Amino acid sequence: MKLLADENVHPVVVERPRRAGFEVEWIAESGSGMADKQILQRPDIAGCLLVTDDRDFGDLIFNQAFPAPHAIIYSRLGRADPRHAADRVADLIERGVPTGHMITITKEGERSRPFPAGAE
């Protein structure tokens, strides 16, 4: 599965899965300035695990019925050490992210929310 890292994701968080052998496309490199709506309208979005620090993706999928990626890892760690954020994201990827879910990473732990019925 392809990881798609939003433009706002720290380079350390992008590099960790790359070093582990995952294919990671970072929007900062491939489409800087691309709007969230454009990202979700990509023809390959259903096959991507989206990694982001931006809660707008949840709104677009849950409230506006935009196409959904395979899953989303949404970090709410804010200004945490990027190495800590990279560790948390890498751990989730290694454990396996459930299809059709948005996994939110917080300082206290993680929570998972399934995409709405009918989300692609």
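Visitor: What should I know about the model before I start, and how are residues numbered?
Guide: This is a predicted model, in which local features need pLDDT of at least 70 and side-chain atom pairs count only at pLDDT 80 or more, while totals for chains, interfaces and linings use all residues. Residues are numbered from 1 along each chain as its sequence is written, and side-chain values use heavy atoms, with hydrogens and water left out.

Visitor: How many helices and strands are there?
Guide: The protein has five helices and six strands, where helices (H or I, at least four residues) and strands (E, at least two) are DSSP runs numbered from the N terminus. Read from the N terminus, their order is β-α-β-α-α-β-α-β-α-β-β.

Visitor: And what is the radius of gyration?
Guide: The radius of gyration is 13 Å, close to the 14 Å that the globule rule gives for 120 residues, so the protein is as compact as a globular protein of that length; the radius is taken over C-alpha atoms, and the rule is 2.2 Å times the number of residues to the power 0.38. The C-alpha trace spans about 35 × 30 × 25 Å along its principal axes.

Visitor: What share of the residues is buried?
Guide: Buried residues make up 46% of the 120, with buried meaning under 20% relative accessible area, exposed over 50%, and partly exposed in between (1.4 Å probe, protein chains only).

Visitor: Which parts of helix 5 are buried, then?
Guide: In helix 5 the buried residues are Ala85, Ala86, Arg88, Val89, Ala90, Leu92 and Ile93, and the buried residues of this helix pack against strand 1, helix 1, strand 3, strand 4, strand 5 and strand 6. After helix 5 comes Gly96, with a positive phi near 100 degrees.

Visitor: Switching to charges, how many salt bridges are there?
Guide: The count is nine, taking a salt bridge as a side-chain nitrogen of Lys or Arg within 4 Å of a carboxyl oxygen of Asp or Glu. In one of them, Lys2 pairs with Glu25, their closest N and O atoms lying 2.7 Å apart. That pair links distant parts of the chain, from strand 1 (residues 2–5) to strand 2 (residues 24–26), 23 residues apart.

Visitor: Are those two buried or exposed?
Guide: Lys2 is buried, at a relative accessible area of 19%, and Glu25 is buried as well, at 16%.

Visitor: What about Arg83 and Asp81?
Guide: Their side chains meet in a salt bridge of 2.6 Å, N to O; Arg83 is exposed, at 53% relative accessibility, while Asp81 is partly exposed, at 34%.

Visitor: Which residue does Glu110 pair with?
Guide: Glu110 forms a salt bridge with Arg95 (2.7 Å, N to O). Glu110 lies in strand 6 (residues 109–114) and Arg95 in helix 5 (residues 82–95), so this pair ties together parts 15 residues apart in sequence.

Note on methods:
Contact means heavy atoms within 4.5 Å.
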